[in-house]
Amino acid sequence: MHAGPRRHHARLIPALIAGATLLTACGTGAGTSTAEQPAAKVTVTPAAGSKAAELGSRISVKADGGKLTSVVVKDGDGGDVTGKLAGDGASWTSDGKIRPKTTYTVRTKATSDGGRESARKSVFTTEAADKVNKLTNTPSNGQSVGTGMPVSILFDHHIATDRRAEIEKALKVTTQPHVQGSWGWVKDYGGQDRIDWRPKDSWPAGTKVSVKGALSGINSGDDSGWFARDYNFGFTIGKDHKAVIDVPSHTLTMYENGKSVGSITGSAGSPQDPTRGGVHTVRSKNAAETMDSATIGHGDEWMLDSKWVTHLTASGTFLHSAPWNKSLGVVNNSHGCFGMSTADAKQVYDFLPIGSTVEVKGTSNTEHTDVGNGLEVWQETWPQWQQRSALK
């Protein structure tokens, strides 16, 4: 009598199980969890593990199937490598190029189109350069200089003509207040390549100048080497001090903010060695120096000790004490310099900072002073100077 019900109960159990299975299947079929979505595919170039990544390239990061939410790149010194994220968030490119013999660490975060977040780390090393090019900047960082001072960058090695535009673009001058100016390529008196930035007119006193050179990873020429670092320096323009030498009257007049603050007499170059004309820039100063005739092509004619020497051209146009000259203020009989009494030379030395200008008027010397013969950027007109830019 009980066998029938038991068999009937046995038939019901599979049906209940099947129903439960159906309900479960309907519940999971509504969607796939975020964890099961594929992550965005992030590609870093140069590739992770590279031991000799090609120089001259930029770091790039791309996300396929999603967007980049964070890209942090560090160089071997722990410095940040800046870059730009594309508007669609799918790619990032470094601002500068990779530099030689450096290990870079790239950390990225991305979100896939389905909302899955992922993170990855990529490390690569760049190859060493066969040759490295370096530079020397003038003024030095933090220096206060005169209103005629150019930014002057002297390179250790030659800069190939076809590389100059890229290098010039990588150099940025920022001023406060804004001052118009331009870069110009120069052959230094010593034979090295140089690039100078001069304002259109004299600097306003008090101007703050910042110079940045994003040069790392730029090739300066097949035989000249790569730049291995960026450069960053700044300086301040001091008081507006200038001087004017009037050769016929044997006079040097000092000006502050355009107003005369005193004149002294001395001796300019003789008719045989007239002082170079035009506007010169004070390039350096020396409290004591030996005047050697051999340095300006006069053999062993003299060897004289002088004090308070203010250097103008690299070829030897100076302002200095000349106590041996008994004709100061009467006859122009120097070999191209402007000689003064020791006391007057000290006054001029103290008044004119490096970077100030000295204009020579009334000289019989018609020789053009090359821009590279010192910091002679004011020997050319503004239109002439602009022609020196590789970006003209």
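Q: What makes the residues of β14 point one way or the other, and are they buried or exposed?
A: Asp 193, Ile 195, Trp 197 and Pro 199 point one way, Arg 194, Asp 196 and Arg 198 point the other way, and all are buried. Buried means under 20% relative accessible area, exposed means over 50%, and partly exposed is in between (1.4 Å probe, protein chains only).

Q: How should I read the numbers here?
A: This is a predicted model: local features need pLDDT of at least 70, side-chain atom pairs count only at pLDDT 80 or more, and totals for chains, interfaces and linings use all residues. Residues are numbered from 1 along each chain as its sequence is written, and side-chain values use heavy atoms, with hydrogens and water left out.

Q: Why is β14 called largely enclosed?
A: Seven of its seven residues are buried, so the rest of the structure largely encloses β14. Strands (E, at least two residues) and helices (H or I, at least four) are DSSP runs, numbered from the N terminus.

Q: How do you know that β14 pairs with β11 and with β13?
A: Two strands pair if DSSP finds at least two bridges between them. β11 and β14 have four bridges, in the antiparallel sense, and β13 and β14 have seven, also antiparallel. Ile 153 has Ile 195 of β14 as its bridge partner, and Trp 183 has Trp 197 of β14. In the hairpin of β13 and β14, five residues sit between the strands, and Gly 191 takes a positive phi near 100°.

Q: What makes a group of residues a nonpolar core?
A: It's a set of buried Ala, Val, Leu, Ile, Met, Phe, Trp, Tyr and Cys residues joined through side-chain atoms within 4.5 Å. The largest one here has 26 residues, and Phe 155, Ile 167, Leu 215 and Phe 235 touch the most other members. Among the elements that give two or more residues to this core are β11, β13 and β14, while its largest share, four residues, comes from β17. Apart from it lies another core, of 18 residues, including Ile 245 and Phe 351.

Q: Which residues is Leu 215 in contact with, leaving aside its neighbours within four places in sequence?
A: Contact means heavy atoms within 4.5 Å. Leu 215 has such contacts with Leu 135, Ile 167, Ala 170, Leu 171, Phe 227, Arg 229, Asp 230 and Tyr 231.

Q: Why is Asn 257 called exposed?
A: Asn 257 has 52% relative accessibility, so it counts as exposed. Asn 257 is in the loop between β19 and β20, and has a positive phi of about 55° although it isn't a glycine.

Q: Why is Trp 308 called partly exposed?
A: Its relative accessible area is 22%, so Trp 308 falls in the in-between class. Trp 308 sits in strand β23 and, though not a glycine, has a positive phi of about 55°. Most residues other than glycine have a negative phi, and most peptide bonds are trans.
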